[in-house]
Amino acid sequence: MDFSSKSLELCKSYSNQTDQLLKISKQTYEKYDNSLSKLHLIIRELNKQLIILKETSTQFNDKYNTFTNDFTSLSNQKQSLFTSIDNKLEILKKKHLDKGLVFKNNTNSNNNNNNNNKSIEDDNNENNDVNNNNNNNNNNNNNNNNLNTLYDFIDIESLELIKNQFLSELSGLNEICDKSKQIYKSTNESNLEMENRFLEIQKQYNKQIEESNSLSDLLTQQNTLYKTVQNQLINVASQCDFITFYKPSPSSPSSPTPPPTPPQQQQQQQQQQQQQQQQQQDFNINNKKEQIQLLLTSSLENIQLMSKNVKDIENQFKESCGIYTLVYLLNEKLSFGNDFSENWETFERFNCIFEQRLAGANYFIGELYSLGKWYDLFDESYDNLLEEVKRRQKEYLRQKTIAEQFNEELKHNYNQEIQNRLKFYDSYGKYLPVSLFSTISDQPISFQVKQIIEESVIDYSFNPLNLKRSSPINQQQQQQQQQQQQQQQPQQQQQPQQQQPPNS
């Protein structure tokens, strides 16, 4: 096969290669462009899902912070409240009872027992009820005998029961907070991982967008190289045609006509001309071959460059396809079957349990605050009780003195009235008929001031030895209602009684 045929075969091969490379470049770039468009839509949807996830995570974090704040608040209140109650109980332990006051209470209880015993003899239908009352009174007497300080009035068992119930609820809250903390930690780690994945996807996508311009330039370069190679191949084909169909041109007509020579000399001249033409022809052919070789070499280089560009475009497309792997993994993480939805359901259950236990803890700590308030009022009320006992004794003595003075005056007036009536009778009455004034000999009416003990209008049913019967708040409300009723009822301090003396 001669040089021209080989060159034409190369041209044909190079042309097919350039066609194939340009076709691959266009197809790959089109796939790449479509891939970026799809990635843009996918990333936008992923961003929407992440925004929803962030909003849900914000609600999750807010609830967890509420859990933590409520539990911390109760824990802080527990320490200060327990310390305050212990200090108040220590004060009550040091507050000794007035022995005279306790003795009076025991005496009154014994008197009540005696009265109850008398009522037993008078009313047989109420024996069982009265016996129960006697037993209760005896128990109260035994309790009173053991009362030395205000602390002895406190129901420590009830106090410890409320404390233990509060600590139980607080322990349950602590357990829920610990479990919620684990969920909170794992959820935040999962969300952070998904956010980092999304940022990596967005970073690579932005990188692809930036490199898409250079890829477009590569495609433009491919088109340019393709045209260049095609032009070069066309030039090679024309050069090959020149070599194949080349004919030496006749001698130039402008050359001077040689003078006539003998036949032998003329033959030599023809041979020389043919040799010169052959040399010129060989020179032209060699020159064309060199040009063909240069063109083929340049075409090969351009084809190699096109092949390199194709690889770059394909590599760029593969990198964009690699983003789809990250997108798939992130989408699988964001699917409805992920750990976050399960954690959220678990957290919702914890929320219901937490609310119930929180309500219980708030109730018991409210009871403890009420007890602490009652301990303060109990201490203060006992001090005022001692002053009230002194005031009542003083008032009793004052009223007794007034009553004795009244009795003396009434007795004196009664005796004086008798003397006046006897004097009238001696002077005039004995001369009057009885039918005229039948009561002329009657004795005067006698008045006396007596001590009257009435039933109390105040309900003293509250027993400080059993705090379960009434809370301090209810006691204050009952006392206020009793005071209002007491103010509405008329108070009767003295009641004169009439006593008819025997007829004289």
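Predicted model: local features only at pLDDT ≥ 70, side-chain atom pairs only at ≥ 80, totals over all residues.
Residues are numbered from 1 along each chain as its sequence is written, and side-chain values use heavy atoms, with hydrogens and water left out.

Let me start with the cores. By nonpolar core I mean a set of buried Ala, Val, Leu, Ile, Met, Phe, Trp, Tyr and Cys residues joined through side-chain atoms within 4.5 Å, where buried is under 20% relative accessible area, exposed is over 50% and partly exposed lies in between, with a 1.4 Å probe and protein chains only. The largest nonpolar core has 37 residues, and those that touch the most other members are Leu74, Phe166, Leu173, Leu368 and Tyr375. At least two residues each come from H1, helix H4 (156-244) and helix H6 (339-427), and H6 gives the most, with 14 residues. Helices here are DSSP runs of H or I, at least four residues long, and strands are runs of E of at least two, numbered from the N terminus.

Taking contact as heavy atoms within 4.5 Å, and not counting residues up to four places away in sequence, Leu74 touches Phe166, Leu170, Leu173, Leu358, Ala361, Asn362 and Ile365. There is also a second, separate core of 20 residues, which includes Tyr29, Ile201, Ile313 and Val327.

Now to Leu21, which sits in helix H1 (residues 3-94) and counts as buried because its relative accessibility is 12%. Outside four places in sequence, Leu21 touches Gln222, Ile303, Met306, Ser307 and Val310; from Leu21 to Ser307 the separation is 286 residues in sequence, yet 6.5 Å in space, C-alpha to C-alpha.

Asn309, in helix H5 (residues 263-334), is likewise counted as buried, at 2% relative accessibility. Leaving aside neighbours within four places in sequence, Asn309 is in contact with Leu218, Gln221, Gln222 and Leu225.

Finally, the cysteines: how many disulfides does a search of the whole structure find? The search finds 0, a disulfide being a pair of cysteine sulfur atoms within 2.5 Å. For Cys11, the closest cysteine sulfur is in Cys240, 5.8 Å away, so the two are too far apart for a bond. Cys11 is buried, at 7% relative accessibility, whereas Cys321, at 31%, is partly exposed.
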